[in-house]
Amino acid sequence: MASLTERKAYREKIMQALYEATEGNRLLGVTGAKLAQELAIPAEDLAAACTYLVGEDLITVDWTASNTPAMVTLTHQGIRRMEAEEEKHG
């Protein structure tokens, strides 16, 4: 299992990848397989990070029967958070 530092990094990577891929559009999403491949996140860590982000109301996830993310999308709150980060960092 990942360390606290790794878990936080995974969450941020997921949020950034979703925001960039969807351009802040709630109607678009990214497959869990694509996130895992592009971000090089182990399957169990991807599922844990997504579960955490769902709990924070930053993303929504369509889960497979084996509890892995099938489709991941940003929520309104998630988009607002990423827009605030973008404004903060220019």
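How far apart in helix α2 are E38 and K34? I began my notebook with this pair. They are four residues apart, so about one helical turn separates them. I note that the model I am reading is a predicted one.

**Entry 1: the salt bridges**

I searched the whole structure for salt bridges and found two. One of them joins E38 to K34, where the closest N and O atoms are 3.8 Å apart. I then looked up how open each partner is. E38 is exposed, at a relative accessible area of 53%. K34 has a relative accessibility of 39% and counts as partly exposed.

In the other, the side chains of E12 and R81 meet, at 2.5 Å from N to O. This pair links distant parts of the chain, since E12 sits in helix α1 and R81 in helix α4 (residues 76-89), 69 residues apart. E12 is partly exposed, with a relative accessible area of 40%. R81 is also partly exposed, with a value of 26%.

Which residues of helix α2 are buried? I listed G32, L35 and L39 for this helix, which covers residues 32-39. Looking down the axis of α2, I see these buried residues fall within an arc of 60°, so they line one face of the helix.

Next I asked what the buried residues of α2 pack against. I found α1 (4-22), β1 (30-31), α3 (43-55) and β3 (69-74).

I then turned to the face pointing away from the buried side. That face carries the exposed residues A33, Q37 and E38.

A40 follows α2, and its phi is positive, near 55°.

**Entry 2: α1 against α3**

Two packed helices are described by the angle between their axes and the distance between the axes. I looked up both values for α1 and α3. They pack at an angle of about 75°, and their axes are 9 Å apart. With that angle, α1 is roughly perpendicular to α3.

Which residues make the contact? On the α1 side I wrote down Y10, R11, I14 and M15. On the α3 side I wrote down D45, L46, A49, C50, Y52 and L53. By class, this contact has eight nonpolar residues, two charged ones and no polar ones.

T51 is partly exposed, with a relative accessible area of 48%. Its C-alpha atom is 8.3 Å from that of V61, which is 10 residues away along the chain.

**Entry 3: α1 against α4**

At what angle do the axes of α1 and α4 cross? I read roughly 90°, with the axes coming within 10 Å. That makes α1 roughly perpendicular to α4.

For the contact itself, α1 contributes E12, M15, Q16 and Y19. From α4 come G78, I79, R81, M82, E83 and E86. By class I get four nonpolar, two polar and four charged residues.

I went back to Entry 1 at this point. E12 and R81 are among the residues of this contact, and their side chains form the salt bridge I had noted at 2.5 Å. M15 of α1 is listed in this contact and in the contact with α3.

Notes: Residues are numbered from 1 along each chain as its sequence is written. This is a predicted model: local features need pLDDT of at least 70, side-chain atom pairs count only at pLDDT 80 or more; totals for chains, interfaces and linings use all residues. Side-chain values use heavy atoms; hydrogens and water are left out. Buried means under 20% relative accessible area, exposed over 50%, partly exposed in between (1.4 Å probe, protein chains only). Helices (H or I, at least four residues) and strands (E, at least two) are DSSP runs, numbered from the N terminus. The arc is that of the directions from the helix axis to the C-beta atoms. Contact means heavy atoms within 4.5 Å. A salt bridge is a side-chain nitrogen of Lys or Arg within 4 Å of a carboxyl oxygen of Asp or Glu. Axes are lines fitted to C-alpha atoms, for helices over the stretch in contact, and angles run from 0 to 180 degrees between N-to-C directions. Angles under 35 degrees count as roughly parallel, over 145 as roughly antiparallel, 65 to 115 as roughly perpendicular and the rest as oblique. Ala, Val, Leu, Ile, Met, Phe, Trp, Tyr, Cys and Pro count as nonpolar, Asp, Glu, Lys and Arg as charged, and the others, Gly among them, as polar.
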